[in-house]
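Hi everyone, thanks for coming along. I'd like to walk you through one model today, so let's bring it up on the screen.

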Amino acid sequence: MITDDLPLLSLTLVLPLLGALFVLFIRGTEEVMARNAWAVGLLSSGATFLMTLLLCVGFDPTLSDFQRVEHAQWLPNLNIYYQVGIDGISLSLMLLTTLLVPIALLVSSRTIKTKIRTYVMAFLVLETMML
């Protein structure tokens, strides 16, 4: 399957943070920055939800071990490694988080009228931390 070769879990974890960095560099008038910040926030959080749906493909709920495990050496001399994986509970919480963030951004776009870029960036960083 094509999703087995991709580091989907790591991409899902970093995608909202990349969206926040992209929002940081949006330039233009206040109105243009606000509109683009909402668009980038919704696109990156929506893409994160779709990536989480891809994580569900091939997930076996009968296994008790971590699945989609990814590991890499960071500092092998210091014996520091990067390793992530998901189990059934974490997958369901990831689905819930990535579903609610775009909904919350969409709903808040009607009430938040000032410092929109900062708000969207903070929301995307919060999504990264929740994942």
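Predicted model: local features only at pLDDT ≥ 70, side-chain atom pairs only at ≥ 80, totals over all residues.

Let's start with H2, where Met33, Ala34, Ala37, Trp38, Val40, Gly41, Ser44, Ser45, Thr48, Met51, Thr52 and Leu55 are buried, meaning under 20% relative accessible area with a 1.4 Å probe and protein chains only, while exposed is over 50% and partly exposed lies in between. Helices here are DSSP runs of H or I with at least four residues, strands are E runs of at least two, and both are numbered from the N terminus.

Residues are numbered from 1 along each chain as its sequence is written, and side-chain values use heavy atoms, leaving out hydrogens and water.

What do the buried residues of H2 pack against? Their partners are H1, strand E1 (67–75), strand E2 (80–86), helix H3 (88–108) and H4, with contact meaning heavy atoms within 4.5 Å. Just after H2, glycine 58 has a positive phi of about 80 degrees.

Is leucine 18 buried or partly exposed? Its relative accessibility is 46%, so it counts as partly exposed.

Leucine 6 sits in the segment before H1, and it counts as partly exposed because its relative accessibility is 45%.
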